[in-house]
Amino acid sequence: MQAIVVKNVSRLCHAKPIVTVNGRYPGPTIYAREGDRLIINVTNHAQYNMSIHWHGLKQFRNGWADGPAYITQCPIQSGSAYAYDFNITGQQGTLWWHAHILWLRATVYGAFVIMPKVGVPFPFPQPDEEAEIILGEWWNSDVEEIVKQGNKLGLPPTMSDAHTINGKPGPLFPCSDKHTYAIEVQWRKTYLLRIINAALNDELFFSIAGHNMTVVEIDAVYIKPFTTASLLIAPGQTTNVLLHADGTPSRYFMATRPFNDAPIPVDNRTATAILQYKGIPTTVLPLLPVLPEPNDSEFAEAYNAKLRSLNSGKVPLAVDRHLFYTIGLGTNPCPSCLNGTRLAASLNNISFLMPKVGLLQAHYFNVSGVFRLDFPDRPPTVFNYTGTPLNANLGTLQGTRLSRVAFNSTVELVLQDTSLLTIESHPFHLHGYNFFVVGRGTGNFDHAKDPAKFNLVDPPERNTVGVPTGGWTAIRFRADNPGVWFMHCHLELHTMWGLKMAFVVENGNGPEESILPPPRDLPPC
């Protein structure tokens, strides 16, 4: 049972009411095993409409349980309830859940841990204990009011006042000595840390002073282990690491701050938590780790290059459908806004317009007039995508335009950043699927030369991937999950401006390859 309730919470010398699940911030961890069926009742007692997304769960044939508002369901209205009913099939590891409407995931989020089936070991040394480490953001003011004000002015909402580790900013912030997460470890024991980036708008570095970490899993997929002093994690991503408590027994800071190699402002202060060896007095001052520089793109590229899947026999070698999407920022006229314009974002010059009814319902019941199936496979205009920053208006259109994909076809999608207004990194999340990250690079994607450099042997398998600043990322997947599946930037700022779209994956042959019937208690629109 998950109750959406408002609770007063104090951070950084400021108290305010926030939306929570069961009065907890962050929300409760959900534990399950591969093969389980879950029925999670969500009752909404808050003043906002609500929906919950189970981030990374594939929801095979069952988009009704996926959660994004107005994509696979209408939101749960205040005073109403909805039961998310789904199976966990072929997945194990760390995922997470969060609100998927407005900016409510600023406080409505938690870990989702899928244990292996009974008797199935991890493909790495069994840890002695484990813990979840959830990285987030905190605003002193009401987040929804900040967003409304930004929309009214046509400007970005103000940046967060702090980053957090398990909902707490740590003692480097005012009034925060008691708002510091701490984990006690025992010398020579091994700990599995399940790290989640639940921040709304920032890629984050994470380090632990005096300790290396062994990365063993990303986005609930095991990888070839490697050791690192710091890791990089984009919004929406998860990373599991083994921590060997083999340092000199003392107290050490765990720390996180943003990675930002684009010419835009971010909240670059450092949030901290404490790793405390058993028996060490709390009067001992913790040591701070050395994090990479905020704009260290070399570290970012080197780190991402180390991510290699354990088993990649499913990488599509032949491609049925080639897609090329450009990512653009721009402005639209807005007479009532501060500068006469409002910021916008687009894929292939299409800024997504959210519908008023669920797209999955409209597709399943053949409701006309809700969306069009003509999202372009490539941009309408070819230009030097990452050249001198452009302020040109390339004719961005608004629309609820989807891309139809044949069942069981193989898809290659290249996501290309552009210098429209500015270059910037963009983490993208695809609902209903994992995909293989077969390539990435800087500058413009070269259709003739770059595919020859793709990694088709052991590419990382993810559900959320970063597009580098002024660069591109190529992914491949097999469209074997029928339904309507959202794909969007996981920077809430850019999603708000329209940087999103959806795929309609057609049914296959017979009921086993078709969308399941909708539940009876689907929220009304």
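Two strands count as paired if DSSP finds at least two bridges between them. Strands (E, at least two residues) and helices (H or I, at least four) are DSSP runs, numbered from the N terminus.

This is a predicted model, where local features need pLDDT of at least 70, side-chain atom pairs count only at pLDDT 80 or more, and totals for chains, interfaces and linings use all residues. Residues are numbered from 1 along each chain as its sequence is written, and side-chain values use heavy atoms, leaving out hydrogens and water.

**View 1. An open sheet built from 5 strands.** Follow the order E11-E19-E18-E13-E16, and you'll find mixed pairing. At the edges sit E11 (182-185) and E16 (230-233), each pairing on one side only. From one strand to the next, the twist averages 20° (axes are lines fitted to C-alpha atoms, for helices over the stretch in contact, and angles run from 0 to 180 degrees between N-to-C directions).

**View 2. E13 alongside E18.** Here E13 (residues 203-208) and E18 (residues 251-259) run antiparallel, joined by 6 bridges. Look for glutamate 203, which stands opposite phenylalanine 259 in E18.

**View 3. Helix H2 lying across E13, E16 and E18.** The helix covers residues 297-305 and runs at about 85° to E16.

**View 4. Threonine 469 in its loop.** That loop links strand E29 (464-467) and strand E30 (471-478). Threonine 469 is buried, at 13% relative accessible area (buried means under 20%, exposed over 50%, partly exposed in between, with a 1.4 Å probe and protein chains only). Its side chain reaches the backbone nitrogen of serine 425 at 3.0 Å.

Conventions. Contact = heavy atoms within 4.5 Å. Polar contact = N/O pair within 3.5 Å; in protein donor to acceptor, adjacent residues only side chain to side chain.
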